[in-house]
Amino acid sequence: MAELVVVIVFAIAVIYGLSRTAIIVPQQQAWIVERLGRYEKTLRGGFYLLVPFVDNVRLKHNLMEIAKPIEEQDCITKDNVLIHIDGILYYKIVDPERATYGITNLEYAIEQLAQTTLRSEIGKIELDHTFEERPRINADVVAEVDKASEAWGVKVLRYEIRSIKPPVEILHAMEQQMRAEREKRAVVLESEGKRTAAINQSEGLRESLINKAEGEKQQRIKEAEGEASAITAVASATADGIRAIAQALQSPGGYEALQYRIAIDYIQQFGLLAKETNTMILPTNLADVAGVLATAMTVIKRNGADGSSLTPSALSPATPLPAR
């Protein structure tokens, strides 16, 4: 019976020893092994055997990238406005030995360092620039925390601000400012639209007046050309009539026909004298048709031998000469 108890005790001791000495380290982990209280080695993914009662696993580090939430904190901007900011810090352990013996509480130290660095960066800018300067703030926090945590065997990869919460009264003031800015832009756009419309209307009126003036100019030119053509045609017809009269005077019976025409026109015009006005001044020999004909024929014989001084009123080309 005593031998059975010894065997059982020995088996339990062996199992316990194997459980303490035969270990399997998962991938992307690093285990710090101490021997008799001093650092011995760092175990990475794989199977290992430790010396029983001598070797001891001090810490187990995760070598994957770690996302550490940074709790919300109060920060004061350059223009003395209190705001609440929180974020997330991404880092990874690159030297497990320094991460074990370089700092007491690694996560707490990194969190505090990120918070103090963020407060320092926020104090350099004004409230209006906190939102647009987020990329620069993130980069500055990463640079400062990475430089300070290098001695701890940690590599800081990036930092992201999650939210920025100004006080309620500041939010109301910002909303009013944004509303005023939008109304200002609306007024400016409306005035620019009216200005553009006025310019377009004036340009249209100007073009219309120019086109109208150009049209009137062309019309006057065409009318002048028409009048010139009419005058030319009348002059040509008058010249043809004078030449025809001159030729008729050279033919037998030409002077007698001219006398007949003058007498007819004289009588017709004499009959119309009273129709134009009630007051008339008449020569004493008005009824002496023969004297008028003699005077007219004397002028024609003296000045019109070549037909240059004859006028259409003397003999109309459209009126046929009477045959003898």
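# Chatting through the model

Me: Quick overview first: how many residues are in the protein chain, and what share is buried?
Reply: The chain has 324 residues, and buried ones make up 26% of them. Keep in mind that this is a predicted model.

Me: And how many helices and strands are there?
Reply: The protein chain has 9 helices and 8 strands.

Me: Of the contacts between residues at least 6 apart in sequence, what share joins residues at least 24 apart?
Reply: That share is 65%.

Me: OK, on to helix 3. How many residues does it have, and how far does it reach?
Reply: Helix 3 covers residues 106-122, so to speak 17 residues. From its first C-alpha to its last it reaches 24 Å, close to the 24 Å expected at 1.5 Å a residue.

Me: Which of its residues are buried?
Reply: The buried set is L106, A109, I110, E111, L113, A114, Q115, T117, L118, E121 and I122.

Me: What covers them?
Reply: The cover includes strand 6 (66-76), strand 7 (82-93) and strand 8 (154-165), along with helix 2 (96-101) and helix 5 (134-148).

Me: What happens at the start of helix 3?
Reply: There, N105 has a side-chain oxygen that comes to within 3.3 Å of the backbone nitrogen of Y108.

Me: Switching to charges. How many salt bridges does a search of the whole structure find?
Reply: The search turns up 17.

Me: Which residue does E107 pair with?
Reply: E107 makes a salt bridge with K68, with the closest N and O atoms 3.9 Å apart. E107 sits in helix 3 and K68 in strand 6, so this pair ties together parts that are 39 residues apart in sequence.

Me: Is K68 buried or exposed?
Reply: K68 is buried, at a relative accessible area of 17%.

Me: Why would residues three or four places apart point the same way?
Reply: An α-helix has 3.6 residues a turn, so residues with that spacing point the same way.

Me: How accessible are D140 and R136?
Reply: D140 is partly exposed, with a relative accessible area of 24%. R136 also counts as partly exposed, at 34% relative accessibility.

Me: Which residues do salt bridges with shared partners join into one network?
Reply: R35, E40 and D55 are joined that way. Within that group, the side chains of E40 and R35 meet at 3.9 Å, N to O. E40 is partly exposed at 35% relative accessibility, and R35 is partly exposed at 30%.

Me: Is D146 buried or exposed?
Reply: D146 counts as buried because its relative accessible area is 19%, and the cut-off for buried is under 20%.

Me: How far apart are P135 and E160?
Reply: They are 25 residues apart in sequence and 8.3 Å apart in space, C-alpha to C-alpha. P135 lies in helix 5 and counts as exposed, at 59% relative accessibility.

Me: Backbone check: what is the phi of Q28?
Reply: Q28 has a positive phi of about 60°, although it is not a glycine. Q28 lies in the loop between strand 1 (22-25) and strand 2 (29-35).

Me: And where is phi for L36?
Reply: Phi of L36 is near 55°, again a positive value in a residue other than glycine. L36 lies in the loop between strand 2 and strand 3 (38-43) and is exposed, with a relative accessible area of 69%.

Me: Last one: which residues form a nonpolar patch on the surface?
Reply: M1, L4, I8 and I12 do, with about 470 Å² of accessible area together. M1 sits in the segment before helix 1 (2-21) and is exposed, at a relative accessible area of 79%.

Definitions and conventions:
Residues are numbered from 1 along each chain as its sequence is written. This is a predicted model: local features need pLDDT of at least 70, side-chain atom pairs count only at pLDDT 80 or more; totals for chains, interfaces and linings use all residues. Side-chain values use heavy atoms; hydrogens and water are left out. Patches are made of residues with over 30% relative accessible area and no salt bridge: like charges are joined within 9 Å, nonpolar side chains (Val, Leu, Ile, Met, Phe, Trp, Tyr) within 5 Å. Accessible areas come from the Shrake-Rupley method with a 1.4 Å probe; for residues, only the protein chains shown count as cover. A salt bridge is a side-chain nitrogen of Lys or Arg within 4 Å of a carboxyl oxygen of Asp or Glu. Helices (H or I, at least four residues) and strands (E, at least two) are DSSP runs, numbered from the N terminus. Buried means under 20% relative accessible area, exposed over 50%, partly exposed in between (1.4 Å probe, protein chains only). The expected span of a helix is 1.5 Å times one less than its number of residues. Contact means heavy atoms within 4.5 Å. A polar contact is a pair of N or O atoms within 3.5 Å; within protein, one must be able to donate a hydrogen and the other to accept it, and residues adjacent in sequence count only if both atoms are side-chain atoms.
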